[in-house]
Amino acid sequence: MKLNFPELNKRQLEKLSDIASDLGLVSIATVVFPAVFDKADPDRVRLGLVIALVFWIYSIWLRR
């Protein structure tokens, strides 16, 4: 089964990149900061950082 994705223009790709970047920031704010300042849970800190990095890398990839 072949999926056909629509071609996005530059403005649409930039907007998707901004959304992905913002999702990375939200994961830092909602997962990492509470895990560091509240309970100091290293597993949650790592998870939040991995999520943020994935979204930030995706954001950069969209801007290529």
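Contact means heavy atoms within 4.5 Å of each other. Helices here are DSSP runs of H or I with at least four residues, numbered from the N terminus. This is a predicted model, in which local features need pLDDT of at least 70, side-chain atom pairs count only at pLDDT 80 or more, and totals for chains, interfaces and linings use all residues. Residues are numbered from 1 along each chain as its sequence is written, and side-chain values use heavy atoms, with hydrogens and water left out.

**View 1. The buried residues of α2 pack against α1.** Buried means under 20% relative accessible area, exposed over 50%, and partly exposed in between (1.4 Å probe, protein chains only). In α2, Val-45, Gly-48, Ala-52, Ser-59 and Leu-62 are buried. Seen down the helix axis, they fall within an arc of 125°, so they line one face of α2. The arc is taken from the directions from the helix axis to the C-beta atoms. Arg-46, Val-54, Ile-57 and Ile-60 are exposed on the other side of α2.

**View 2. The largest nonpolar core has 5 residues.** Such a core is a set of buried Ala, Val, Leu, Ile, Met, Phe, Trp, Tyr and Cys residues joined through side-chain atoms within 4.5 Å. Its members are Ile-28, Val-32, Ala-35, Val-45 and Ala-52. Helix α1 gives the largest share, 3 residues. Val-45 touches Val-32, Ala-35 and Val-36, not counting residues up to four places away in sequence.

**View 3. Phe-33 and Phe-37 form a tilted pair.** Rings of Phe, Tyr and Trp (its six-membered ring) pair if their centres lie within 6.5 Å; planes under 30 degrees apart count as stacked, over 60 as edge-to-face and the rest as tilted. The whole structure holds 2 aromatic pairs. In this one, the ring centres are 6.0 Å apart and the planes stand at 45°. Phe-33 and Phe-37 lie 4 residues apart in α1 (residues 10-39), about one helical turn. Phe-33 is partly exposed at 44% relative accessible area; Phe-37 is exposed at 69%.

**View 4. Tyr-58 and Trp-61 form a stacked pair.** Their rings are 6.0 Å centre to centre, with 20° between the planes. The two residues are 3 apart in α2 (residues 42-63), about one helical turn. Tyr-58 is partly exposed at 39% relative accessibility, and Trp-61 is partly exposed at 46%. The charged end of Arg-64 sits over the ring of Trp-61, 4.6 Å from its centre. That wording requires NZ of Lys or CZ of Arg within 6 Å of the ring centre and within 35 degrees of the ring normal.
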